[in-house]
Amino acid sequence: MTTITKTPGTTAPSAGRAPEPKRDLKIATGLSHVALVAWAVITAGPLLWVLLASFKSNTEIFLGKPFALPNEFSFSTYVNAWSDAHIGRYFINSVFVVLISTAGTMLLGSMAAYVLARYKFPGNRAIYYLFVSGLAFPTFMALAPLFYILKGMGLLGSFTGLILVYIAYSLPFTIFFLAAFFKSLPYEIEEAATVDGASHTRKFFQIMMPMARSGLVSITIFNIVGQWNQYLLPVVIMSGPGADRKLLLTQGIAQISVSAGYQAEWSTLFAALVLTILPMIIVYAIFQRQIQAGLTAGAVK
Amino acid sequence: MRHGKYPFIIGFLVVPVALYAVFVVWAYIQAFYLSVYEWSGLGPVENFVGLGNFRKMWDDTTFWQSIKHNVFLLVFLPIITVVLALIFAFLLNVGGGHKGGVIRGVWGSKVYRIIFFFPQLLALAIVAVIFGRVFGPDKSGMINGLLPESWSPWLFLADERYAMGCILVVLVWQAVGFYVVLFSAGMGNIPTEVYEAAAIDGASRVTLFFKITIPLLWNTVQVAWVYLGIAAFDAFALVNIMTVDRGGPDGATSVLSLMIYRNAFEFSQAGYASALGVVLFFLTLTFAWVTLSATRRESVEA
């Protein structure tokens with residue numbers, strides 16, 4: 001990476017000198033591209049390698065030459081991954097859980113955020129700070145107690161338990177973000193609706209929600225990606241008898257990876273990885289602008 | 001006009017507050033409570049040990065080893081990621097130089113941004129599985145497969161000296177693209193006139209980078225630093241999935257998060273796990289506080 005830091009150094013920094021000569025500029029731009037292409041290769045390389053390896057037999061994988069094309073494009077590894085390694089089931093489990101928990105997070109989160117942002121009542125600030133303080137605590141700290149709370153409620157190893165926990169742990173950031181958003185919306189339209197006799201609930205669903213659309217989209221994407229990628233909570237919660245049918249994708253892949261390791265049989269694992277990553281690439285290709293905006297929304301403040 | 005305000009407020013708050021209270025607030029309160037008990041996780045909680053768990057930690061070599069590894073990540077993950085991301089973001093946004101007095105990014109900057117960002121979308125667990133194979137200790141591993149035929153394979157994760165370095169590499173690999181996009185957004189908010197004026201004065205790109213970009217982006221860099229530090233305290237998925245013997249070889253990749261998990265669910269030490277959690281909490285808070293106060297500057301407005 002030293003190359004890049006030095007690139008612009010072809011022209012020494014000193015005040016009041018003439019703009020860089022054209023030739024130096026070209027060299028600098030060229031070196032910029034070298035650095036950027038290098039990082040693009042480092043980023044995409046492992047993913048491309050996984051794709052190539054997914055078509056190879058186990059013997060071929062052990063030959064080395066990681067970026068050689070496979071002898072033949074065999075899809076049998078995919079059949080194995082889908083049916084024997086249960087990727088299909090894990091995938092559906094993940095979609096089901098994330099669909100419901102994100103919908104729940106958004107509904108409950110925006111309701112709470114709206115009330116906390118725009119209504120004055122005793123205890124408002126206390127409740128708001130209770131939610132926001134959740135951002136300061138590491139989930140690891142709650143791990144053991146959370147396990148026993150769920151066990152006590154008979155929710156261990158159930159989708160219901162997992163979904164409720166996903167929602168609960170997504171609320172702090174969702175409320176923090178949306179409360180600020182609701183606060184920034186103008187009051188005039190809402191007042192006009194009040195004069196027209198609209199109920200509080202109607203104002204929320206028919207006026208405020210549509211007005212907050214851009215914020216809601218960002219935070220929805222943020223929650224979908226965050227919950228889809230969860231690994232720690234499913235590992236803790238989806239345990240116990242009967243849970244092996246209810247594993248989520250992240251858990252499932254990790255488990256396939258362990259059993260593949262015992263047998264040094266990698267081809268199925270690579271196919272499973274491709275089946276996991278490919279949908280992400282497709283979704284990303286369609287919504288990359290919204291996804292980038294949604295995921296960075298929290299940090300930009 | 002005001003009628004029905006309280007029923008409405010209560011109706012909207014009751015479910016979220018209840019869920020949050022049961023699964024989050026109560027769990028954290030219990031974590032503090034359990035941290036002063038010796039409790040296996042089964043039966044009643046009755047063996048009060050006061051600060052016993054913390055004293056045990058003090059004498060626990062695995063604990064100090066884990067702290068050492070977390071500190072290693074805490075130092076290197078933010079600095080490497082932020083420096084790389086700042087450089088790439090700068091090249092993408094300003095690196096094209098000025099043509100006809102207009103500052104531009106390099107050609108194709110959109111495509112680079114899309115590729116760089118993608119790893120952020122992958123679960124750390126998936127990334128861990130991929131890199132477990134990239135670092136495979138024989139010819140089936142990507143890197144060893146690329147090495148010349150005659151070389152003996154590198155062990156990577158199976159070598160205690162390099163295992164932690166491998167973890168760091170993977171975390172950086174995943175994080176850089178996100179911060180490139182984040183910093184790019186920040187740079188986009190810097191008015192181009194600022195750059196153009198400086199460029200007309202003959203400022204080189206190095207000068208632009210240090211005298212304009214960095215000061216105007218300082219708040220974003222601060223936020224990035226805190227986020228990356230918090231990520232350095234996690235790394236659970238990587239260590240649990242990717243490393244030899246989970247945290248090995250011989251404890252060479254043990255981190256606090258893994259210790260908490262294993263004590264709670266494998267070693268029947270729920271009390272000790274909670275005490276470790278309390279320590280993790282105070283470490284995270286201290287880190288965030290130190291970072292924010294140490295990097296405070298007069299804020300510069302664009």
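Author: The buried residues of helix H11(A) are Ser218(A), Ile219(A), Phe222(A), Asn223(A), Ile224(A), Val225(A), Gln227(A) and Trp228(A). Buried means that 20 or more other C-beta atoms, placed from the backbone, lie within 10 Å of a residue's own; 12 or fewer make it exposed, and counts in between make it partly exposed. The model is predicted, local features need pLDDT of at least 70, side-chain atom pairs count only at pLDDT 80 or more, and totals for chains, interfaces and linings use all residues. Residues are numbered from 1 along each chain as its sequence is written, with chains lettered from A and ligands numbered from 1 in the order in which they are written.

H11(A) covers residues 213-228, and its 16 residues reach 22 Å from first C-alpha to last. This is close to the expected 22 Å, taken as 1.5 Å times one less than the number of residues. Helices here are DSSP runs of H or I with at least four residues, strands are runs of E with at least two, and both are numbered from the N terminus. An α-helix has 3.6 residues a turn, so residues three or four places apart point the same way.

As for chain B, it holds 13 helices and two strands. Its radius of gyration, taken over C-alpha atoms, is 24 Å, well over the 19 Å of the globule rule for 302 residues, so chain B is more spread out than a compact globule; the rule is 2.2 Å times the number of residues to the power 0.38. The C-alpha trace of chain B spans about 85 × 75 × 35 Å along its principal axes. Of its 302 residues, 48% count as buried.
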